[in-house]
Structure formats: C-alpha cells, structure tokens
Amino acid sequence: MKTDKYVGNYIGWGTYDQFAKDFVSDIRAMLKKDAPNWKIAKKNKGYYFISIFLQNEDTGEYVYITTGDVRYFKDWWHDRLLARSAKSDEDYTGGINHEIKFNELPKFLNMNYAHIAQIRDENYIDKLQYV
C-alpha cells in the first residue's frame, strides 16, 4: 500500500499532504478489493488528521473513521484507527468507539450488520449482561 512508507516515520509539515492523498487512495483500494459494497461518502482533511464517512451502498449504514493527530500519535492511524457506526455522514458522535488496525478496515466493515445496529442502539449499554 502507498501508506506503508509512513509506518514508523514522523508525519508532519512537508509529508502530511501526500500522506493524506495516499491514505484516501489506500482506503479506496481496500474497499474496491475487500468491501466493494462500501464507498467513501464524505472525507475531511483536517489540520493534521483525516476523517472519513463510509457508506454501505446495499444497507445505507454509515461508519465514521478518523486518524487522530498524525503528528503526535505516531502510527495510531495505522495501529489504532478510530472507527464507529454513524447514523449519517454528519454524525460525529455515533456509536461506540472501536480501535482497529488500518489494514483491518474491510473486516470491520463486513461485520454482521445486526451487530452494527446493536452498537448504534443508544440502550445497548443498558442491555449488556456481565458474567
């Protein structure tokens, strides 16, 4: 993947713009190969973070992902990408946060949709039973 060259390296002034392009390009490639029913619905290149809303074209479900600040949280974009379900491409609060590895994004997206809906359910925490 194009982003492999950034693993273990500082991303900041001079490298961030290209990193952001490569990051989105790699996501598109992963979706095309391993999660073809998902598309990028909305993307935002922040000052030093990237956030993206993905949408399942079959079910209408949304997932929000964000890198966090790539300057200060070295390799979090790769090892601890934040992902959560969302109700729309404007739902920045969404469901429960999950930390996933960048290359496991398709696996996360292809989860059982009943589980995604369960995560989004505002009463989900109240329904948990601890053993």
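**Exercise 1. Find the bridge partner of Val 63 in strand 4.**

Solution. Step 1: the partner is Ser 85. Strands here are DSSP runs of E, at least two residues, and helices are runs of H or I, at least four, all numbered from the N terminus. This is a predicted model: local features need pLDDT of at least 70, side-chain atom pairs count only at pLDDT 80 or more, and totals for chains, interfaces and linings use all residues. Residues are numbered from 1 along each chain as its sequence is written, and side-chain values use heavy atoms, without hydrogens and water.

Step 1: Strand 3 and strand 4 run antiparallel, joined by five bridges.

**Exercise 2. Work out the strand order of the sheet.**

Solution. Step 1: the sheet is open, with five antiparallel strands ordered 1-2-3-4-5. Pairing takes at least two DSSP bridges between two strands.

Step 1: find the edges. Strand 1 and strand 5 (98-100) each pair on one side only.

**Exercise 3. Determine which residues of the largest nonpolar core touch the most other members.**

Solution. Step 1: define the core. It is a set of buried (under 20% relative accessible area, 1.4 Å probe, protein chains only) Ala, Val, Leu, Ile, Met, Phe, Trp, Tyr and Cys residues, joined through side-chain atoms within 4.5 Å.

Step 1: list them. Of 28 residues, they are Phe 19, Phe 23, Ile 27, Ile 52, Leu 54, Ile 65 and Leu 109.

Step 2: assign elements. Those giving two or more residues include helix 1 (16-34), strand 2 (50-56) and helix 3 (105-109). Helix 1 gives the most, eight residues.

How values were computed:
Buried means under 20% relative accessible area, exposed over 50%, partly exposed in between (1.4 Å probe, protein chains only).
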